[in-house]
Structure formats: C-alpha cells, structure tokens
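Please look over the sequence and the model first, then read the points below by topic.

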Amino acid sequence: MRVLAIETSCDDTAAAVLDDRGVRASIVASQDMVHGKYGGIVPELASRQHMVAILPVIQRALGDAGVGLDDIEGVTATYGPGLVGSLLVGLQVAKGIAFDRQLPFVGVNHLEGHLLAILLDRPVAFPYLGLLVSGGHTSLYLVEDVGRYRQLGRTRDDAAGEAFDKGAKMLGLGFPGGKEIDQRAVAGDRARIRFPRAQLKSGLYDFSFSGVKTSLRQYLLSGGSAALLDGGEAALADVCASFQEAIVDMLIVPTLKAARDLGATSIVVSGGVSANSRLRTAMTETGTAAGFDVAFPRFAYCTDNAAMIGYAGRARLLRGERHDFTLNAAATLPIGVDPVER
C-alpha cells in the first residue's frame, strides 16, 4: 500500500509518501522564521502558515517520490494531540483527498508516530522502552507493538523541551531554545554550576523540570546576569552546559530505572529533544554501560515529520483499521485511545 501522510500538529508542515520500500519522500516546511521573534509558537500564526504551505508541501512530496495522487492507495494524518488550529489544516486536507479519491483513511496519534519513528531506520524488537521527549511532552512508555503502549511515567509540570525554550529565553537566546543551548554548551563546562535535579517521592518514573527552570532564574537574579556580562561567551557556554546537564540527568535516571525494573533490553529515545547532542551521548554511554541497547532516530525523524505518521498510519491501514470522515482534531489525546473501525 502506497500511503500519503500529513503532519501539522504544531508549527511544522510536513508530508511524506511511504510504500513497501520504505520512505519514498519526506518534506518538512519549518516555521521557525515566523515564530522566532516571539520567542515561542503563536498558535494563530501557525495555523495560517499551515494553510499557505500545506498544498505545496504535499505536491513536493509527491514529486520527490515520483508519484501522483492517482498512485496513492491510502491517506493518513495526525489528529492529535497538538494545536487545534494547526491539526485541523492537515486533517481536513487529508480527509478531503481521501474522500475525493475514495481512499481508505486513518488518523494517527502524534505521540504514536514519535514512539515508532525509530522503525523507519532500523528494526527494534518489541517490547522496548520508549522515552518521548519534546517541547510539549516528556513521557515514558512500554511499546509492546504497533497500537499497544503502556504509559509508565510523565512530566508533572514542564516538558523538557519547554524548559530548554524558557531557559534560552531567560538567557536572551533565540528560538527554538533547545538548539541554541545545545550549540553553546559544546564549549562549556558542564560542572561549572550545579543546578538541582528533581527527585520525586512518588511516581517512580515521573519527571519534573519546573525546579531547574526556577533555579536558572534565581541564579541570574542573584548575580549570574552580571557574571555573564563579565565573562562573555565563555560564561554563557558554562551556564548552557550546566543547565543542559541537569535536564539530561533528570531524563536518564528515571529511564534507566524503568528499564531495569521492567527487564527491558532496548531503550528508544524519540521526539524533538532526542536531537540534543548531549542527551544522545550521555544516554548511549550510560545505557550501554548498563547493558541496554540504546537507539535514537536520525535527526530528520526526531523533530515533527510526516514519515513517522506514515509508518504508524500505514501499519494500521494494512491491518484494516479505518476512521470515518467525522474524525475531529483533538488538542489533548491520550495515546492508545483511537476510535478506529476494523
């Protein structure tokens, strides 16, 4: 089955074409230039930009794949969670194409796409432990099969990516903040400043990042800002490296504990923050030393993309699962809650 996939859950407009040979084309149009001056995503601007970009992105994906709409045999799109205005653009276009062409259609949970993104690159045996870490989500799942996920832990407050973005804003850096901090941290001393690591008394595999964000603010208010002015780029690199190290540590500890407790052999890290260079290095080194196979998707599949939606959607379509055209966008959507028809 050759599938057209569409992803517009937040601020990236994406389309992909997949078939039994894998990903034939994957196109992503970023909106970083649109939202950068605001230091974060403006929902109304995001949905408007999706409306401008969606058809050209689909046309380019079809062109790169060397196919036309007549060659598509199924359509899939993200229907949640995410920004409702953004979700509606991709979802309605996907349903329109499927309706006009009388093609089978299925919606995909954005989180499911991230958890399965690794399978676009390499096989990983089920079950595996999935750490999904992004700007809006930080959760641990046991991935038992396509469509079978058990949540083990989640963030109690901010997501890791949100902490990076807000930390970058405090430091006067650009957006997206995670990338800005990562780039500067390379030249910094990770042990220069000891930011606190949250230790939760309940919820063994839960996360919390509000404290480290508050700690950065307190550091800046209590003399850190002056130190940055005096120390220049070197001082900024140390702060970025130390702040990043605290977040990375708080991601690694619950993940490895869950892997040990559940007897998992593989750990898969996905989502936008999985592109962070320090997280990739530290999780791989620590996890491998503990006896786990640690895997990350390639960078193009870490951030939002339609190829991961296509993988999950194509698997569901091949199993005979379908959504009807009344499927609506859902801003909040627990994974595993899919009103599919079989």
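**Leucine 103 and its surroundings**

Setting aside neighbours within four places in sequence, leucine 103 is in contact with Ile72, Glu73, Val75 and Ala98. The model is a predicted one.

- Leucine 103 is located in the loop between α3 and β5 (105-109).
- With a relative accessible area of 15%, leucine 103 is buried, because buried means under 20%.

**Aromatic pairs**

- A pair of aromatic rings is described by two values, the distance of the centres and the angle of the planes.
- Searching the whole structure gives 7 aromatic pairs.
- Among them is the pair of phenylalanine 99 and phenylalanine 325, whose ring centres are 5.7 Å apart; the planes stand at 85°, so this pair is edge-to-face.
- Phenylalanine 325 has 36% relative accessibility and so counts as partly exposed.
- Phenylalanine 207 and phenylalanine 209 form a stacked aromatic pair, with 6.3 Å from centre to centre and 10° between the planes.
- Both phenylalanine 207 and phenylalanine 209 are buried.

**Other ring arrangements**

- One aromatic cluster is formed by Phe164, Phe195, Tyr219 and Phe243.
- At phenylalanine 299, arginine 280 lies over the face of the ring, 4.4 Å from the ring centre.

**Glutamine 244**

- Helix α7 (residues 210-262) contains glutamine 244.
- The relative accessible area of glutamine 244 is 4%, so this residue is buried.
- Residues up to four places away in sequence aside, glutamine 244 touches Phe164, Ile181, Asp182, Ala185, Asn276 and Arg278.
- Of these contacts, Phe164 is also a member of the aromatic cluster with Phe195, Tyr219 and Phe243.

Key
Residues numbered from 1 in each chain as written. Predicted model: local features only at pLDDT ≥ 70, side-chain atom pairs only at ≥ 80, totals over all residues. Heavy atoms only, no water. Phe/Tyr/Trp six-rings, centres within 6.5 Å; stacked < 30°, edge-to-face > 60°. Buried < 20%, exposed > 50% of the residue type's maximum accessible area, 1.4 Å probe, protein only. Lys NZ or Arg CZ within 6 Å of the ring centre and 35° of its normal. Helix = DSSP H or I, 4+ residues; strand = E, 2+ residues; numbered from the N terminus. Contact = heavy atoms within 4.5 Å.
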